[in-house]
Structure formats: structure tokens, C-alpha cells
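Here is a short briefing on one protein model. It covers strand pairing, a pocket and aromatic contacts.

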Amino acid sequence: MRNDGRSWYNSVQSLFTLRSRGGANLNVNYTFSKNMQRGGYLDTLRGVMQQGIAALDKPHRFTASMISPLPFGKGKRFPVTRNAFLGRLVSGWQSTLIFSVSSGRPWAFPTNVLYLRDAKLPYDWNGARIQAVQPCVNRWNENNTITMQQFSADYGCSEANFLIVPRYNPRYHPNYEGRIRLQPIRMADVSLNKMTRVSERLSVQFRAECFNVTNSFFVVSQQFNNNPENVQFGSLIKAAVSAPASNYPRQIQLGLKLIW
């Protein structure tokens, strides 16, 4: 019930629009942005609030969409005039394409660690297991000794990137780390549409739509493991991720609408 929090969004947005003589419409958008938030406390005793990028921060987003009539039928490049029924069947079709690319979400950073040095790895999303950071973790014990986690030693770490602090310490890092992100999202949707006038008042619209036409898999919100005491720290197993934490597989739907 407090009003100390704040969120803000800054962006540069660009738009390119092209309308051709053949009836095709092309829209291209690019946005460069930063989404920030301040909320919760790093140190409740001193009143130090957490401030950093938001969970949905995606610096880059590119979208291209096009609506184009197919060149078949009366007045088109490939007219069909010999058969009236066939002419009505192939006339009036439109194709739609929407292609988008956006940055991935930032990593939800561990709550009880000091970030000693940059731990980001050049990870490859084609593998079954993605290791995003070096899991080199030391623990600051309550008897004031520092020891390395066993899984870090097994990994071959000689120096620590993360230090687990004793209990009741304040948080030292904002909630999200923008240098470590989920994979960029690349999606393409297509459709075919046809409007047929049956009478002066009645029309029929047919739609064939395909979402995620390439049937690509992307991790949308499932985070890399952020438990510095877990052997899977800093990694993500793709086989364990399903929708809605990942995108949905290819979907095809048909629609028919009567308009009067």
C-alpha cells in the first residue's frame, strides 16, 4: 500500500509505409527502447530501493507486415474470363504476411549474491542445454570463511564470478541483468483471405491463417536457473520448457464469415 515505485519507458520509433499501384501495402516498424522500473528494496533498513530494467525490457523490435492482392481475376495480371464460375473463384484473394524480430527478456538475477565479474558465456541456442553464465560460485560462510561450491570446482572454475553472501544481507544487484538474455524471437505469420459478394446485401469472407509458419521454437519467458546453490545454475534445459513459457507450435485455422 505504498506509492514509492515507479516505471518508465523511453523509445525511438520509426515507420516506413509503401503503397504500390498494384494494391500492395507494406509497413515496416523499428523500435529501440528501454523499459525501467523502481520498486521494492535492496536495503530495507537504509531505504535503498531497487532500480533497473524491467522484466519485459526488449531493446530492439522490428516488424514488417504486408497485405497484397493476388494477381488473378478480372482486371488483374492473370485474368480468367472464359469461365464465369472459375473467374469468381480465383478473384478477390489477398495475402498477408507479418514478420517480427525482438530481443529476448533479461535474466532474473539471483537475490543473495555479489556479482564479482562478468560471467556471460557465448551460448548457442541450438543445443539441448544452454549454459548462459559460468557457474563459478563462492560461498561466504557465517564463520567468515569463503569456500567454492562443489559443482563450480567440478566445472573447472579457478576464480569465482558470484559470491553467495551470508543470510540477512541486503540485495546488491537489481532484479534483472540485461547483458544476459533469452534468445531473440523471430516469428512469421501468413494468411489468405477472400471476400465474395453473393448478393447486394450478402457477402462471404473466407480466411486461411497460419501462425508460426516455420514451426520455430523459442524460449519466451522460462529463465536460466538463478539459484547459485543449484548444480544447474546459469543453465536452461530446452526439453523442460513448454508453452506458454515457450512459443506455440505452428497453428493453422480456417474461418468463414457471413456479412450482411
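**Strand pairing, pocket and rings**

Ser-11 has Ser-33 as its bridge partner, and Ser-33 belongs to strand 2. The model is predicted.

**Strand 2 and its partners**

- Strand 1 covers residues 6-19 and strand 2 covers residues 25-43; they pair in the antiparallel sense over 14 bridges.
- Five residues lie between the strands in this hairpin, and Gly-23 takes a positive phi near 100° there.
- Strand 2 also pairs with strand 4 (residues 60-69), in the antiparallel sense and over eight bridges.
- Asn-25 stands opposite Ile-67, a residue of strand 4.
- Strand 3 (residues 48-53) runs antiparallel to strand 2, and five bridges join them.
- Met-49 in strand 3 is the bridge partner of Tyr-41.
- The hairpin of strand 2 and strand 3 has four residues between the strands. Its turn contains Gly-47, with a positive phi of about 70°.
- In a regular strand, side chains alternate between the two faces of the sheet.

**Val-48**

- Val-48 sits in strand 3.
- What is its exposure class? Val-48 is partly exposed, because its relative accessible area of 37% falls between the 20% and 50% limits.
- Beyond its neighbours within four places in sequence, Val-48 is in contact with Tyr-41, Leu-42 and Asp-43.
- Val-48 and Pro-170 are 122 residues apart along the chain, and their C-alpha atoms are separated by 9.4 Å.

**Largest pocket**

- The largest pocket holds about 150 Å³ of space.
- Which residues line the largest pocket? The lining consists of Lys-58, Arg-61, Ser-100, Val-101, Ser-102, Ile-185, Met-187, Asp-189, Val-220 and Asn-247.
- By class, the lining has four nonpolar, three polar and three charged residues.
- Strand 5 (93-102) and strand 13 (185-197) each supply at least two residues of this lining.

**Aromatic pairs**

- How many aromatic pairs does the structure hold? There are 11 aromatic pairs.
- In one of them, the rings of Trp-93 and Phe-206 have centres 6.0 Å apart and planes at 80°, so the pair is edge-to-face.
- Trp-93 lies in strand 5 and Phe-206 in strand 14 (residues 203-211), so this pair ties together parts that are 113 residues apart in sequence.
- Phe-206 is partly exposed, with a relative accessible area of 29%.
- Phe-162 and Phe-233 also form an edge-to-face pair, 5.1 Å centre to centre with 85° between the planes.
- This pair links distant parts of the chain, 71 residues apart. Phe-162 is in strand 11 (residues 162-164), and Phe-233 is in the loop between strand 14 and strand 15 (235-237).
- The cut-off for buried is under 20%.
- Ring pairs link Phe-162 and Phe-233 into a cluster with Trp-107, Phe-109 and Tyr-115.

Technical notes. Residues numbered from 1 in each chain as written. Heavy atoms only, no water. 1 Å grid on protein atoms, 1.4 Å probe; cavity = no way out; pocket = protein on both sides within 12 Å on 5 of 7 lines; lining within 4 Å. Points joined across faces, edges and corners; volume = space filled by probe spheres on them. Nonpolar A, V, L, I, M, F, W, Y, C, P; charged D, E, K, R; others polar. Pairing = 2+ DSSP bridges. Buried < 20%, exposed > 50% of the residue type's maximum accessible area, 1.4 Å probe, protein only. Contact = heavy atoms within 4.5 Å. Phe/Tyr/Trp six-rings, centres within 6.5 Å; stacked < 30°, edge-to-face > 60°.
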